[in-house]
Amino acid sequence: MILDRIVEHKRQEVSELLSKIKIDDMVNKIGKLPPGRDFRGAISRPGQVGLIAEIKKSSPSKGLLCKDFDHRYLAKIYQNNGASAVSVLTDERFFEGRLEYLSEVHEEIGLPLLRKDFIIDPIQLYQSRIIGADAVLLIVAILSDDELADMLQIAGEIGLQALVEVHTAKELERALAAGANIIGINNRNLHTFDTDLAITSYLMGRYDLSGITVVSESGISNKRHMEFLKNIGVNAALVGEALVRAEDTGERVKELVQGGGSCG
Ligand SMILES: O=C(O)c1ccccc1NCC(=O)[C@H](O)[C@H](O)COP(=O)(O)O
C-alpha cells in the first residue's frame, strides 16, 4: 500500500537527517523560540466547524492538483476568507511539498500551522517546531503504541500540539489510549483512495469523544459536507484538493466556512 512506500522513503530521509544534525543543537534552538500558536483553540470554537485549509500541490491519488501553485498566495487567501488554521504538506517525494513552504507561510500569516507529513522519528518533531509548525500530524497506522506515546510526550514538551489521525475503530481506540486530545478521522481509504464521510459519522457514533477535538479529514468539498459535519458534532474539517483546485479559492473557502456555521 502507498503508506508502506511513503514510510520506507521517510526512513531514508530520517537517517540522513540524523547523520547531519545534533538533537542537542535543535533543543537549544527551540529553547529560544516564542510559544507556538494555539492550533486546538483555533479549531474548537463552539457551534462551528472550523476550516483547516490545506496547502497541497500534488497527491499520490490525483497527481498534480494545481499548475500555478503558490503557497504564499494560498495562505493569504485562506486567512482572508475565514479559515481557522492552515495545513502545509511538507513531504517532497509524494506530495511535492517542501519544508520551506511551512516557514514561508509562517512569515506570511498569523493562523496556527499544522505540518502535514509522515512523522516516524522524534527528530521530525524538533524539526517541525524549528520551521514554525504549531502542530504536527501523527498517523496511528504508521506508529506502534510506544512510539505514539513517546511522540505525544515529546511534542508536548517542546510546545507542539498533535493531530492524531485514525481511519478505523481499532486505531481510534489506540489514539484514545495514548491520550490524544485532537483526533483526525481520515475519510480516505489508503488502499483504494476512496473517500466517504460516513467513516467520520460511524466512528463518532460508536465512541464517546466528549472532551476530544474531532477533525474530519479528506473528501470534503462543499457546503453540504460542512453542514453534515456540523450536525454530527465535528469540530473542524481538513480540506485540500477542493480548495487548491477551485476556480475561485477565496469563494470556496467562504462557502465551506459558512457551511460550517460561521459568518466567516
Ligand atoms: O491525498 C492523498 O492522495 C493521500 C494519499 C496517501 C496518504 C495521504 C494522502 N493525503 C493526505 C491527506 O490527509 C489529505 O491531504 C487531507 O486530508 C486533505 O484531503 P483532500 O481534501 O481530500 O485533499
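Biologist: Is Phe-94 buried, exposed or partly exposed, and how many C-beta neighbours does Phe-94 have inside 10 Å?

Modeller: Please bear in mind throughout that this is a predicted model. Burial is read here by counting the other C-beta atoms within 10 Å of a residue's own: 20 or more make the residue buried, 12 or fewer make it exposed, and the range between makes it partly exposed. Phe-94 has 16 such neighbours and therefore counts as partly exposed. The residue is found in helix α5. As for separation along the chain and in space, Phe-94 and Arg-252 are 158 residues apart in sequence, and their C-alpha atoms are 25 Å apart.

Biologist: Let us turn to the strands. In which order do the eight strands of the barrel follow one another?

Modeller: Strands of a sheet pair through backbone hydrogen bonds, either parallel or antiparallel. In this model the eight strands close into a barrel in the order β1-β4-β5-β6-β7-β8-β9-β10, with parallel pairing. From one strand to the next, the twist averages 25°.

Biologist: How are the faces of a strand read, and which residues of β4 point each way?

Modeller: In a regular strand the side chains alternate between the two faces of the sheet. In β4, Ala-85, Ser-87 and Leu-89 point one way, while Val-86 and Val-88 point the other way, and all are buried. Strand β4, residues 85-89, is thus mostly covered, with five of its five residues buried.

Biologist: Which strands pair with β4, and over how many bridges?

Modeller: Strand β1 (residues 50-55) runs parallel to β4 and is joined to it by four bridges. Within that pairing, Glu-54 stands opposite Ser-87 of β4. Strand β5 (residues 113-116) also pairs with β4 in the parallel sense, over four bridges. There, Arg-115 in β5 is the bridge partner of Val-88.

Biologist: Are the two faces of β8 covered or uncovered?

Modeller: Both faces are covered: Ile-182, Gly-184 and Asn-186 on one side, and Ile-183 and Ile-185 on the other, are all buried. Strand β7 (residues 161-166) runs parallel to β8 and is joined to it by three bridges. The bridge partner of Val-166 in β8 is Ile-185.

Biologist: How many bridges pair β8 with β9?

Modeller: The two strands pair in the parallel sense over five bridges. Ile-183, for example, has Val-214 in β9 as its bridge partner. From β8 the chain crosses through α10 to β9, and this β-α-β crossover is also right-handed. Strand β9 (residues 213-217) in turn runs parallel to β10 and is joined to it by three bridges. In that pairing, Glu-217 stands opposite Leu-238 in β10.

Biologist: How many residues surround the ligand, and which are the closest?

Modeller: The ligand is surrounded by 19 residues, of which the closest are Ser-59, Ser-61, Ser-218, Gly-240 and Glu-241. The elements that give two or more residues to this shell are β10 (236-239) and α12 (241-244).

Biologist: What does the UniProt record annotate, and which residues does the annotation cover?

Modeller: The unreviewed UniProt entry carries the annotation "domain: Indole-3-glycerol phosphate synthase" for residues 3-256. In the model, this span is 46% helix and 17% strand, and its end C-alpha atoms lie 29 Å apart.

Note on methods:
Residues numbered from 1 in each chain as written. Predicted model: local features only at pLDDT ≥ 70, side-chain atom pairs only at ≥ 80, totals over all residues. Near = placed C-beta within 6 Å. Pairing = 2+ DSSP bridges. Axes fitted to C-alpha atoms, helices over the stretch in contact; angles between N-to-C directions. UniProt positions renumbered as here; feature names shortened; annotations may be inferred. Right-handed = clockwise from strand over helix to strand, strands pointing away.
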